[in-house]
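Let's walk through this protein together, one question at a time. Take a look around first, and then we'll get started.

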Amino acid sequence: MKLINAFFFKILKFFPENFIKFFSSRYIAGFTIEETLSICRELNAKGFVLTLDILGEHTTTKEESSKITDLYKKLLIKIYDNNIDANISVKPSHIGQDVNDSLFKKNLALLANQALKLSNFIRIDMEDSRYTNLSIEAYKNLSKNQNNVGIVIQSYLKKSLHDLKKLKNKNLNIRLCKGIYSESNEIAFEKKSDINKNFLDILEYAFSRKIYIGIATHDEHLLEKSYELIKKYKMKSNEFEFQALYGVPLQKWFARNQENSFKTRLYLPFGEDWYDYSMRRIKENPSIAKYVLLNIFKR
Ligand SMILES: Cc1cc2nc3c(=O)[nH]c(=O)nc-3n(C[C@H](O)[C@H](O)[C@H](O)COP(=O)(O)OP(=O)(O)OC[C@H]3O[C@@H](n4cnc5c(N)ncnc54)[C@H](O)[C@@H]3O)c2cc1C
């Protein structure tokens, strides 16, 4: 079955972008800010809180990275003006890390200050392992003085628990996920069971120290274990949240979160740079690729 799904994914790469665009609306909140804000209102009304991501990564010039930083600043104002319950998620390589380290730190500080002025919060998304130490370092420095910034820890990296233990600042705010990039087996676990074990070890460490955690997974086993740990450590509902990607079905456990007054935050990517993101999501769940292809042939 896995082979068949991978085959469907390969074929999909040869399809016209417009076709993928039609399909990708499942995973993307909108192509413009206005489209996205309207989806945000609907999702807030259903009880979700949100984090907004402007699609794209790896800007290569100062001008490009400043343009993205400005877009995020405007987005923070729109969120405030429209009374949307959402923060923002930002990729280091999108706001200048590939150009140079100081540009990234400058842009990140601009965004964190803008967020602070508007009583909002900024999450530094975690990219591949070339960025891990730099991102954690930037987070460490920024969060010394302000507590409206958070970082991501990926459980597929063998050093992640160690990284978390080294973070000593007060008011840590961590999103815990498995990790999406292709990494060597020298630094990353390959087996799902190892990645999941590390996920739960990190979660347990965080709960035992009351570190705020965004539990970012759709994995039923991990969700079940997370509920057990919440009970074991008597976590209050304002000490953690669940997080999921927009477009991934989660009705069952969203209802369970609501019953328990646990927060569920959806990660909403939007913008013009949608192609790579959509293909990554299809690759993650190739059965969708099959479904998409079968639908074309039925029409
Ligand atoms: C809110 C959020 C933020 C994230 N931020 C980052 C980040 O900053 N850096 C990073 O490296 N990674 C990030 N990720 C991605 C994450 O690392 C995983 O790659 C991704 O979430 C899939 O892992 P999983 O825990 O859901 O488990 P999996 O074992 O991959 O999936 C579990 C189940 O979820 C369902 N599912 C998963 N993906 C899909 C899909 N596309 N469509 C439909 N169903 C699906 C399937 O039923 C699957 O069996 C983030 C994920 C979330 C939820």
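Two residues are in contact if their C-beta atoms, placed from the backbone, lie within 7 Å. This is a predicted model, where local features need pLDDT of at least 70 and side-chain atom pairs count only at pLDDT 80 or more, while totals for chains, interfaces and linings use all residues. Residues are numbered from 1 along each chain as its sequence is written.

Q: What percentage of the residues of the protein chain count as buried?
A: A residue is buried with 20 or more other C-beta atoms within 10 Å of its own, exposed with 12 or fewer, and partly exposed in between. For the 299 residues of the protein chain, the buried share is 39%.

Q: Which elements do the buried residues of helix 4 pack against?
A: Helix 4 has 20 residues and reaches 29 Å between its end C-alpha atoms, close to the expected 28 Å, which is 1.5 Å times one less than the number of residues. Its buried residues are S65, I68, T69, Y72, L75, L76 and I79. They sit on the same side of helix 4 because they cover an arc of only 115 degrees around the axis, taken from the directions of their C-beta atoms. That side packs against helix 3 (33-46), strand 1, strand 2 and helix 5 (101-117).

Q: Which residues are exposed on the other side of helix 4?
A: The buried set of helix 4 includes Y72 and L76. Turn to the other side of helix 4, and the exposed residues are E63, K67, K74 and D81.

Q: Which residues does I79 touch, not counting those up to four places away in sequence?
A: I79 belongs to helix 4. It has 22 other C-beta atoms within 10 Å, so I79 counts as buried. Beyond its sequence neighbours, I79 touches I84, A86 and N120.

Q: What is the phi of N83?
A: Most residues other than glycine have a negative phi. N83 lies in the loop between helix 4 (62-81) and strand 2 (86-90), and is exposed, with 8 other C-beta atoms within 10 Å. Its phi is positive, near 55 degrees.

Q: Which residue of strand 2 is the bridge partner of T51?
A: Strand 1 (residues 49-54) has 5 of its 6 residues buried. It pairs (at least two DSSP bridges) in the parallel sense with strand 8 (residues 264-270) over 6 bridges, where T51 partners Y267. Strand 1 also pairs in the parallel sense with strand 2, over 4 bridges. There, the bridge partner of T51 is N87.

Q: Which elements are among those covering the buried residues of helix 9?
A: In helix 9, L222, S226 and I230 are buried, and because they cover an arc of only 80 degrees, they lie on the same side. The face turned away carries the exposed E220, E224, E228, K231 and K232. Covering the buried residues are, among others, helix 8 and strand 6.

Q: Is K210 buried or partly exposed?
A: K210 is in the loop between helix 8 (192-208) and strand 6 (212-216). Although not a glycine, K210 has a positive phi of about 55 degrees. With 13 C-beta neighbours inside 10 Å, K210 counts as partly exposed.

Q: Which residues have the most contacts inside the largest nonpolar core?
A: Such a core joins buried Ala, Val, Leu, Ile, Met, Phe, Trp, Tyr and Cys residues through C-beta atoms within 7 Å. The largest has 62 residues. Contacts of I174, leaving aside neighbours within four places in sequence, include I151, L164, A206 and I213. The residues with the most contacts inside the core are I174 and L176.

Technical notes: Helices (H or I, at least four residues) and strands (E, at least two) are DSSP runs, numbered from the N terminus.
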